[in-house]
Amino acid sequence: SPVFGPREVHGVRGGSVTVKCFYPPTPMNKHDRKYWCRQKGSSCFTVVSSDFVAAAYRGRVTLTDHPQEEHFLVNISALEMGDAGTFQCGLGTNGRGLSFRVTLSVAEAPPVPEDAELFYVKLRSTWTVTCGFGKETAEMRKYLCKKEKDGCRNIVNSYQDKDVPGGLQLTFESPPGSFRVTMTQMDWEDAGLYYCGAGEYEKDSTKKELDVFIYEDKHFPHLKTNITAKVGGSASFECLYDPLLNSSSRFWCKQKGRQCGNTIIDNTGRVEDSYEGRVAMFENPENKTLTIILNQLQEKDKGTYWCMSNELREQQSSTELTVVPGEPALTGKKEVEAQAGSRVNLTCCYPCKYYSYEKYWCRWNNTGCAMLPVQQQQQGLPQPGDACEPNARTVVLSLDPVAEEDEGWYWCGLKRNGVFGETMAVELRVSAGRDAKLSPEFLDVDSSRDPGAVPPGGAHSDAEVRKGAAPESSDESHGSNTLALVLGPLAGLILIVVTAFAIVKYRQLKRSDLVSVGSYRTNISMSDFESVRDFSASNRVKETHETPMGGD
């Protein structure tokens, strides 16, 4: 039964007790009849329900429903010894199984045993419990254990600094002597009786009984609990959050020992210095998820990561990351240096199997990664100068001209059905001088032409234009005339080469799709596509049975 309540309730003669019964918050359950009945043999006689109170209990029994909190309360006052017995709290108009059995005991005088604290936890969600035993226990060992046949099995304790299972946290709270335990990804076998305490379970009496019940909510999302990624690649973590709670803080951290370490990133824009350019947070209000992407992975990044919030603690979650050797899906040069005023291309190579995925470039900052608007996304084969495998395709981001304010981190990434996939980060450094190291494969030049014709990048840099000096002597003037005679024919030759280069460049641009967005241009090679119109035109010419030899 998905209905859950206390197994035992203890009261004192003349006093009162309150019984809390939980039920799944479905629309039908919220409006269905709730009841509290007394069991006698195979029958259960109604004591109180949503619209009824038995005559013997009028004036001292009430039933209050709290559908938003997923429970209803039954309060019994002026307890009598005859009130003790076996009861059921449930939903509906008959005994169809939506009920829970509760034993009520009434003592003549105090003290009475302390009732267990109840927890109604969704499958795959997070359970959080806070226990406190006074400041005199501040220095004592704190623990959480689960009751089993042969004792109480340790779950976590404050003396553990190592070997703490992933998905478990124990943190100290205020006032002194208080602590909190958080368990994520609760499963069916996690239901049962627990004890939190100070000292030792068998030796000290400072402990509290916790009764945990697991139920399934089919609308509660099933998040990944384990992720395997490759060195140099990236990993995407999904977190739950309620976008309607604007006051809630959301942060992401890595587990260290029995608690979470320093915050890596949060929703206010704070990013730990060592993770600059590596981590970003993306909100998706439509499905109430938060995606954290961590790239440039190293072996030391393996471990358990937590999505934390100051509200809705059941939506906190943990994910274990494993980093293995291998080649990441996206490749390209990770560090690029450019000179202000030149044009630079950031190249991202991806395997052909990701042909149908959405590709994007974004500019990283502390609050996320701002998508660079692109009017059209198409796949292309590697262009000349790209350091890509022959079976890879490219997405190219062009900055023309690049400015000093363009310096920073740029991410290339994949998306499918709105879900973020692999990413690759590129750090761009821009210098104002002419000594910047321009990598030919990141410049928009045709590497197939004669490398001696024009210096690489020379056509794109204003810094390469040199001013002549005035002659200082007749010898210098004579040398200048001689130089002019030599450079005259050479200038004509250069003009011919430049004209040829312009024609080659024009034909190359005809075969690529270049989209300009302010100072950003996304150049995606189309060299793997042939124009259908070109094929149609060739079919209209006079057919020949001659087979050309050689060539492509």
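In this predicted model, Trp252 stands opposite Cys307 in strand E24. The two strands concerned are E20, residues 250–256, and E24, residues 303–309, which pair in the antiparallel sense over 5 bridges.

This pair belongs to an open sheet of 5 strands with the order E18-E25-E24-E20-E21 and mixed pairing. Strand E18 (226–230) and strand E21 (259–266) are the edge strands, each pairing on one side only. On average, and with direction ignored, neighbouring strands of the sheet are turned by 30 degrees against each other.

Trp252 also has a place in the largest nonpolar core, which has 32 residues. Trp252 is among the residues with the most contacts inside this core, together with Phe237, Val279, Ile292, Leu294, Leu321 and Trp411. Domain 3 (226–324) and domain 4 (331–380 + 390–431) both contribute residues, so the core lies between them. Ile292 shows some of the packing: leaving aside residues up to four places away in sequence, Ile292 touches Ala235, Ser236, Phe237, Cys239, Trp252, Ile265, Val279, Ala280 and Met281.

The protein chain as a whole has 3 helices and 34 strands. Of its 552 residues, 43% are buried. Among contacts with a separation of 6 or more, 67% are between residues 24 or more positions apart. The accessible surface of the chain comes to about 30,100 Å², and carbon and sulfur atoms account for 51% of that surface.

Note on methods
Residues numbered from 1 in each chain as written. Predicted model: local features only at pLDDT ≥ 70, side-chain atom pairs only at ≥ 80, totals over all residues. Heavy atoms only, no water. Pairing = 2+ DSSP bridges. Helix = DSSP H or I, 4+ residues; strand = E, 2+ residues; numbered from the N terminus. Axes fitted to C-alpha atoms, helices over the stretch in contact; angles between N-to-C directions. Core = buried A, V, L, I, M, F, W, Y, C linked by side-chain atoms within 4.5 Å. Buried < 20%, exposed > 50% of the residue type's maximum accessible area, 1.4 Å probe, protein only. Domains from an automatic or database assignment. Contact = heavy atoms within 4.5 Å. Areas by Shrake-Rupley, 256 points an atom, 1.4 Å probe, with all protein chains shown as cover.
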